[in-house]
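Subject: Structure for your review

Dear colleague,

Please find below the structure that I am handing over to you. My notes on what was found in it follow directly after.

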Amino acid sequence: MTVTDTAASTVAQGIADRPPRSPAQDAWRALRHTRSAIVGATILAFMILIAVTAPIIAPYPPNQPLIGKEDVKKREAPCIHLLGCPADRPQHIMGTDGNVRDFFSRVLYGARVSLMVGFTTVGFAIIIGATLGALAGFLGGWPDNIIMRLMDVLLAFPALLLAIAIVTVLGEGLINALLAIGIVSIPAYARVTRASVLTVKEWDFVLADRAVGVPPMRILSRSILPHTLTPLIVQGTLGIATAILDAAALSFLGLGAQPPMAEWGSMLGAERNQVFTAPHLVFFPGLAIMLTVLSFNLLGDGLRDALDPRLRR
Amino acid sequence: MLRFISQRILAAAPVLLGILFVTFALARLLPGDPCRAMLGEKATAQICDAFNVRYGLNKPITTQFGIYLKDVARGDLGQSFRYGRPVTQLIVERLPVTVELSLAALIFATAVGILAGLWSAYRRNSIVDVATMVIANIGVSMPVFWLGLMLAYLFALTLKDTPFQLPPSGRNSPGLIVPTIQEAWRLDLQPGPLNSVLSFISNMHLFSSLLTLNLPVFWDTFRHMILPAVALGTIPLSIIARMTRSSLLDVLSLDYVRTARAKGLSEPRVVLRHGMRNALIPIVTIIGLSLGSLLGGAVLTETIFNLAGVGRILFDAIQARDYAIVQGFTLIIAAAYVVINLFVDLLYAFLDPRVRLG
């Protein structure tokens, strides 16, 4: 045996000894190398950090008017001491709003509402949508036809218009807005899950399950559904971005979060007529919405690339 | 192909029926009594009874649905409680504003989106590509209402007294008279379908002023349209740019493109003639689907830019519980959405034989 042969066999042995990587580990490795996912995850981590630590880092309570407590007027421009604002003036990084509240504190607290909105609505839509889609795909026949035609009807309305109509029926308020956005998001998840179930149910291991007499619902929940998670995770991440945008739009129109709740859409809606006199009150909440939505969009795109082996480079 | 078309049209029929049911149910589920919402303190029990009889609200709900279906089939979408006028008349007045805005936004989004995506794919991994995709990602994440307000601030205030100043609201400058097509062409028409069609087109100021060669009105409307169209079109633009890039990159890696290059064809010819034609298939789908989201986004854009379109009237009608308007406008929008999707499906089949043969 030559030296080269020995080295080659050592390398081969090393590879053979290494435990095989699971698909999740593969995906994680791919995700770490996707630039957009890293940027998205970083912005999202920053937003989550802000949401969690808002009570610590916010200089003022979000709903407290400062009138009579400090020498500030309503809709004052941002004052940052480091950037040359006189030291005798109270510091308000993003100025004050129409009710003389510290706008920076309100923007920080707004992160809590927006993230909660995103996760709750998408969670709700995934639970209902995935269940309906899985049943439609697995059962086929008339249940499939009824469920999917219902989804088609829901999809036939522009999402925001339908959400507006639903909120009107249910009444204004954040919870009803969440429910409305959740309802209009259901068809997307039902379709994705149904498509995956239709593919997976023809795979050999599912046929084997059937052959040995495993109960159908057990096959669906144990063998099929775990394989539909990948597209759902991607769709869900991108769906959170849309949900945050729609919730902000509803609040902007006065149908979602109600005053004095610090919610970016309603903060923007309340001050929209002041855009020419106090543009900072419109700029900062909008920027916050954009950054949060951007983080989910980038992460969703990265996840899609990482979780779909066909897209991996 | 004919079989495919008839299959798709048949599949759309139950969806349309479902839409009719949902719009009917939604309007009936609105909380509060329409009589009290309309008449306020004047609404006594006697007046409300008469009101319910007049609008058929005293009949069983199934009968009301039957009457509704029959009326819709005859093109009668009911009478608005609030305006005391037929809903079809209000649609002729308001829908053109939204259609014109959505089309302007779509043209802007498609033209700029395809060019940006094409350029990005052509210069893959260059600074231009990275910058375009970063901007596209930011564009798709921007709330329409925020972008609208920021554009208004930038172009109406910051760039005031420069050649780039643009009006921040309204369809036309105050005092500008926009003649209808009937007036411009001196047509004396009786009320009827032709008159309604001409009124509909007249309310699309950009298009009608072009038809009647009224350049001052065209220029004024065009300047007013820029900001709303850009605000509304930015999200679809970003989506179209991203889709064009990825679709073109997929196609450019195929064997037949390599063959085209091997034959010695110039690079622009390979990309535009051979690549772009096949890359267009998913782009067409995205453009069609964007039109639906544009109709939704138009509500917000109309609110910000003070445009009297469908979004505004629908929003006001929901507040006032004006059943007929809510029903009529939601029905028209949803039906338009279904027809657009059907059209996109057919176009898709026309462009890609695998769809109709599969």
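In chain B, 75% of the contacts with a separation of 6 or more are between residues 24 or more positions apart; two residues are in contact if their C-beta atoms, placed from the backbone, lie within 7 Å. This is a predicted model, in which local features need pLDDT of at least 70 and side-chain atom pairs count only at pLDDT 80 or more, while totals for chains, interfaces and linings use all residues. Residues are numbered from 1 along each chain as its sequence is written, and chains are lettered from A and ligands numbered from 1 in the order in which they are written.

Chain B

Chain B has 16 helices and zero strands. Both are DSSP runs numbered from the N terminus: helices are H or I with at least four residues, strands are E with at least two. The C-alpha atoms of this chain fill a box of roughly 85 × 60 × 40 Å along the principal axes. Of its 358 residues, 39% are buried (20 or more other C-beta atoms within 10 Å of the residue's own; exposed means 12 or fewer, and partly exposed in between).

B:Asn278 is located in helix H13 (residues 267-304) of chain B. Because B:Asn278 has 18 C-beta neighbours inside 10 Å, it counts as partly exposed. B:Asn278 and B:Leu206 are 72 residues apart in sequence, and their C-alpha atoms are 33 Å apart in space.

H10(A) and helix H12 (residues 280-307) of chain A pack at an angle of about 165°, with their axes 9 Å apart. Here axes are lines fitted to C-alpha atoms, for helices over the stretch in contact, and angles run from 0 to 180 degrees between N-to-C directions. H10(A) and H12(A) are therefore roughly antiparallel to each other (angles over 145 degrees; under 35 is roughly parallel, 65 to 115 roughly perpendicular and the rest oblique). The residues of their contact divide into 14 nonpolar, five polar and one charged. In this classification Ala, Val, Leu, Ile, Met, Phe, Trp, Tyr, Cys and Pro are nonpolar, Asp, Glu, Lys and Arg are charged, and the others, Gly among them, are polar.

A:Ile244 is one of the H10(A) residues in that contact. Not counting residues up to four places away in sequence, A:Ile244 touches A:Ser114, A:Val117, A:Gly118, A:Ile289, A:Thr292 and A:Val293. Together with A:Ala163 and A:Ile164, A:Ile244 touches the most other members of the largest nonpolar core, which has 170 residues. Such a core is a set of buried Ala, Val, Leu, Ile, Met, Phe, Trp, Tyr and Cys residues joined through C-beta atoms within 7 Å. H4(A) gives the most to this core, with 17 residues.

Interface

33 residues of chain A are in contact with 36 residues of chain B. On the chain A side, H12(A) provides the largest share, eight residues. That side divides into 26 nonpolar, four polar and three charged residues.

Backbone points to inspect

- A cis peptide bond, with omega about 5°, joins A:Pro259 and A:Pro260; A:Pro260 is in the loop between helix H10 (229-252) and helix H11 (264-270) of chain A.
- A:Arg75 is not a glycine, yet its phi is positive, at about 55°. A:Arg75 lies in the loop between helix H3 (35-57) and helix H4 (103-139) of chain A.
- B:Asp161, also not a glycine, has a positive phi of about 65°. With 6 C-beta neighbours inside 10 Å, B:Asp161 counts as exposed.

Kind regards
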